[in-house]
Amino acid sequence: IDDFDFPPGSALFEAGNEADAVYCVRGGAAKMVHHEPSGPARIVRVLKLGDVAGLESVFRDKYNYSAIAVDTVRACRIPMTYFRKFIESHGDLQMRLIKSSQAALDEAENWLAQIVGGTTPARTRMARLLLKLRTGSSDRIIRFSGEDMAAILGITFETVSRVTSKFGRLGILQKVYGGKHNSYFRGDIAAPG
């Protein structure tokens, strides 16, 4: 088991490659990207501190998604053969793995229901997305690019720009510049949606 630092934009793993490891996120955030056969990529989930990347591929030969670092990601890499043997020999881990898989499924369903589709206005979906991108219970929000937020929400970049600008004018969202790869948002979490 090794620790790695992945710079922003680098892949922890890529869809279609051999599923040879899982990665436990110890810092930063990664986006799980599904590549459509027709070309466009879709962000299907965001992994933060404590999440496991590649868990859905434990019993498959290849990764279904790509995991891409949003900011600097620190992750420990656990080889798949070791991970599978460890699961087999530790019954308590099997139950935790099932619970973790269920939590990931719940998050994916929640993601689809609240953020991605439906007739909910873009402003409301953007607010829900920003809340999901919070770091713990703080007011710090992981800052995705406008293109990434548009890909998550299924709206245009222009709409993302318009909504974030409006949130800024209302004082509920502030851009914080912390260097080239350490920028984030501060949000007024209690503000009405």
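Which residue in S5 does His35 stand opposite? His35 stands opposite Ala41 in S5. The model is a predicted one, in which local features need pLDDT of at least 70 and side-chain atom pairs count only at pLDDT 80 or more, while totals for chains, interfaces and linings use all residues. Residues are numbered from 1 along each chain as its sequence is written, and side-chain values use heavy atoms, with hydrogens and water left out.

**Four-stranded sheet**
- An open, antiparallel sheet is formed by four strands in the order S2-S7-S4-S5, where strands are DSSP runs (E, at least two residues) numbered from the N terminus and two strands pair if DSSP finds at least two bridges between them.
- Strands S2 (11–13) and S5 (41–47) stand at the edges with a single partner strand each, so one side of each is left without a neighbour in the sheet.
- Strand S4 (residues 30–35) runs antiparallel to S5, and six bridges join the two.

**Three-stranded sheet**
- Three strands form another open sheet, ordered S9-S11-S10, with antiparallel pairing.
- Its edge strands, S9 (140–142) and S10 (173–176), each pair on one side only.
- Four bridges join S10 to the antiparallel strand S11 (residues 184–187), and Val176 has Tyr184 in S11 as its bridge partner.

**Position of Phe86**
- Phe86 lies in helix H1 (residues 80–89), helices being DSSP runs (H or I) of at least four residues.
- Phe86 is partly exposed at a relative accessible area of 30%, a class between buried (under 20%) and exposed (over 50%), taken with a 1.4 Å probe and protein chains only.
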